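Welcome to this tour! Open your viewer, keep the selection tool ready, and follow along one stop at a time.

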Amino acid sequence: MRQLKLIWDFRGLNAEKTAQHHEIHLKEYIKLEQLNINITGVECLNEAHYIAFLVTEEIAMKPIRDALKPHRGQVYKT
């Protein structure tokens, strides 16, 4: 089963803290909706660009995408 990484981009001086805070909300959503999602995180792309993300199976992506409106997505590779 193909997995997708849903991504939210944050830029600027507070990008790191904003991405970390967004990950908290992603985890809250996962718990509230009782989703079987174990991979979330924050990554630094450069000092002014951070992302928050979650990884879901492709079959379960559409309702998550519609509810949370990620900025972009990509195929997740381990």
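**Stop 1: the pocket**

Strand 3 gives the largest share of the lining of the largest pocket, three residues. Helices (H or I, at least four residues) and strands (E, at least two) are DSSP runs, numbered from the N terminus. Before you click further, note that this is a predicted model, in which local features need pLDDT of at least 70 and side-chain atom pairs count only at pLDDT 80 or more, while totals for chains, interfaces and linings use all residues. Residues are numbered from 1 along each chain as its sequence is written, and side-chain values use heavy atoms, with hydrogens and water left out.

Now select Gln3, Leu35, Asn36, Ile37, Asn38, Ile39, Val55, Thr56, Glu57, Ala60 and Ile64, which line the largest pocket. Its volume is about 170 Å³. On a 1 Å grid over the protein atoms alone, a pocket is an open set of points where a 1.4 Å probe fits, with protein on both sides within 12 Å along at least five of seven lines; lining residues have an atom within 4 Å of a point. Grid points are joined across faces, edges and corners, and the volume is the space filled by probe spheres set on the points. Colour the lining by type and you get six nonpolar residues, four polar and one charged. Here Ala, Val, Leu, Ile, Met, Phe, Trp, Tyr, Cys and Pro count as nonpolar, Asp, Glu, Lys and Arg as charged, and the others, Gly among them, as polar.

**Stop 2**

Select residues 49-57 to see strand 3, where eight of the nine residues are buried (buried means under 20% relative accessible area, exposed over 50%, partly exposed in between, with a 1.4 Å probe and protein chains only). Two strands pair if DSSP finds at least two bridges between them. In this pairing, look for Gln3 opposite Glu57.

Strands 2 and 3 form a hairpin with two residues between them. Find Gly41, and opposite it you will see Phe53.

**Stop 3: the core**

Which residues touch the most other members of the largest nonpolar core? Select Leu6, Trp8, Phe10, Leu54 and Ile64, out of its 15 residues. Strand 1, helix 1 (15-32), strand 3 and helix 2 (61-68) each supply at least two residues of this core, and helix 1 gives the largest share, five. A nonpolar core is a set of buried Ala, Val, Leu, Ile, Met, Phe, Trp, Tyr and Cys residues joined through side-chain atoms within 4.5 Å. In soluble globular proteins, nonpolar side chains tend to be buried together.

Zoom in on Leu6. Not counting residues up to four places away in sequence, its contacts (heavy atoms within 4.5 Å) include Phe53, Leu54, Met61, Ile64 and Pro70.

**Stop 4: two loops**

Go to Gln34, in the loop between helix 1 and strand 2. Gln34 has a positive phi of about 55 degrees although it is not a glycine, and it is exposed at 71% relative accessible area.

Then jump to Lys69, in the loop between helix 2 and strand 4 (72-75). Lys69 has a positive phi too, about 50 degrees, and is not a glycine either. Its relative accessibility is 58%, which counts as exposed.

**Stop 5: strand 4**

Finish at Gln74 in strand 4, which is partly exposed at 36%. Leaving aside neighbours within four places in sequence, Gln74 is in contact with Gln3, Leu4, Lys5 and Ile7.
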